[in-house]
Amino acid sequence: MNIHINSLARYLIIAGTLLLAAVFWTADMLFPPNLPDNNFYARLVTDRNGEPLRAFAGKDGVWRFPVKSNEVSPRYIEALINYEDRWFYLHPGINLFSLLRAAVQNIYHDRIISGGSTITMQVARLLHPHKRTLTGKLKQMLRALQLEWRLSKEEILALYLNHAPFGGNLEGVEAASRAYLLKPAQRLSHAEAALLAVLPQRPSRLRPDRHPQRAQQARDKVLNRLAALEVWPESITKEARLEIVAAESPRAFLSAPLLAQRLVSENPAMRIDSTIDGSLQQSLQDLLTDHIDRFPGNVSAAVLVLENTTGNALAYLGSAGFADRKRHGYIDMVRAVRSPGSTLKPFLYGLAIDEGLIHSHSLLSDTPRLYGDYRPGNFNDGFTGPVTTEEALQRSLN
């Protein structure tokens with residue numbers, strides 16, 4: 001009799017487990033998680049050293065630069081996991097012990113001290129926002145289980161790395177690192193890693209560009225925790241605490257804007273690495289800005305610098321000022337169809353020198369000429385008279 005009862009109990013347990021799995025699978029198929037596609041991420045064009053030239057925000061206007069966990073500094077991963085969710089790689093999306101501890105703390109203090117959320121639960125809330133209610137927490141837990149059912153731990157971690165809030169319209173550690181620290185997340189120091197690990201807890205209140213003292217206090221709390229857990233040696237955390245929080249205010253990357261616009265229209269990749277030399281690009285932009293002020297407001301200019309041995313573009317200034325509508329800065333004059341004009345002059349002078357007709361100091365006559373009904377003139381509508389070959393070419397005289 002007992003054998004039959006035990007067998008029946010086993011069958012009931014197996015049947016119940018299968019039924020529960022079937023219900024969960026059906027619910028998962030009917031209500032899939034809001035997993036983001038590439039349109040949610042910003043597109044980035046970089047120079048040849050990987051530094052940003054121009055970025056294009058995602059479709060919702062938020063800056064997120066896609067990054068994988070192996071593309072982020074291990075220091076940040078260590079700080080994040082050990083401060084937010086030490087058992088991330090062991091739990092099934094929910095840590096009942098953390099939830100129980102948070103409940104006891106909240107009841108004891110009669111206010112919310114901790115939410116007990118795992119990283120998976122935080123990702124679930126980022127993808128499916130909800131109010132801080134018991135019902136919302138239950139939905140968050142179910143979504144966390146759903147994410148663990150569908151995704152690997154590395155994929156869940158990548159979602160957090162790319163969608164955690166960092167203040168304003170910045171989301172993801174890569175966007176935050178480039179905006180606040182002017183460097184990729186791969187090159188974070190210990191102090192910077194601890195800072196970015198804590199920012200998503202209160203992104204507006206802890207923004208390092210607006211509230212550096214609060215941000216530093218929160219960062220030091222992370223460093224103390226990591227030292228207590230012996231994740232990082234005391235000597236490292238002590239040195240990191242001496243580092244002052246100094247963050248930049250987020251700004252748009254807008255170097256070689258017309259080239260970047262062209263590249264993203266031709267290439268579907270989320271990140272496009274160009275051959276542009278960022279330092280040379282900025283130097284020429286400053287030079288061109290100073291130079292163009294000498295000319296009327298509707299005059300523009302373009303600069304293209306190529307590397308002779310490879311043909312790679314090292315600098316690309318399509319106009320004198322991208323935001324200057326009076327100078328039609330939005331028109332890419334490097335590619336614009338127009339009369340070749342003075343473009344041919346260096347070749348004509350070079351050919352004449354090769355043929356032995358002139359040399360650099362030969363005297364030429366810049367005077368009015370008439371060819372039938374055609375009378376060529378100069379840019380300044382005047383004539384110089386006798387002028388050397390070198391000066392004529394420099395001044396682009398006709």
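Helix H12 gives the most to the lining of the second largest pocket, with three residues. Helices (H or I, at least four residues) and strands (E, at least two) are DSSP runs, numbered from the N terminus. A pocket is an open set of points on a 1 Å grid over the protein atoms alone, where a 1.4 Å probe fits, with protein on both sides within 12 Å along at least five of seven lines; lining residues have an atom within 4 Å of a point. The model is predicted, so local features need pLDDT of at least 70 and side-chain atom pairs count only at pLDDT 80 or more, while totals for chains, interfaces and linings use all residues. Residues are numbered from 1 along each chain as its sequence is written, and side-chain values use heavy atoms, without hydrogens and water.

H12 spans 278–292, and strand E4 (303–306) is the other element named with it; each supplies at least two residues of this lining. In total 27 residues line the pocket, and Ser 300, Ala 301, Met 333, Ser 342 and Phe 379 lie nearest its centre. By class, the lining has 13 nonpolar, 11 polar and three charged residues (Ala, Val, Leu, Ile, Met, Phe, Trp, Tyr, Cys and Pro count as nonpolar, Asp, Glu, Lys and Arg as charged, and the others, Gly among them, as polar).

Next come the helix pairs. Helix H4 (residues 119–127) packs against helix H5 (residues 134–150) at an angle of about 105°, with the axes 8 Å apart. Axes are lines fitted to C-alpha atoms, for helices over the stretch in contact, and angles run from 0 to 180 degrees between N-to-C directions. H4 and H5 are therefore roughly perpendicular (65 to 115 degrees; under 35 counts as roughly parallel, over 145 as roughly antiparallel and the rest as oblique). On the H4 side, the residues in contact (heavy atoms within 4.5 Å) include Thr 120, Met 121 and Arg 125, and on the H5 side they include Lys 137, Leu 147 and Glu 148. This contact has seven nonpolar, three polar and four charged residues.

Helix H2 (residues 74–84) and helix H9 (residues 212–228) pack at about 85°, with their axes 10 Å apart. That makes H2 roughly perpendicular to H9. Here Glu 78, Ala 79, Asn 82 and Tyr 83 of H2 meet Lys 221, Val 222, Arg 225 and Leu 226 of H9.

Three strands form an open, mixed sheet in the order E2-E1-E3, where two strands pair if DSSP finds at least two bridges between them. Strand E1 (residues 43–46) pairs with E2 in the antiparallel sense over four bridges. Helix H11 (residues 257–266) lies across E1, E2 and E3, at about 55° to E2.
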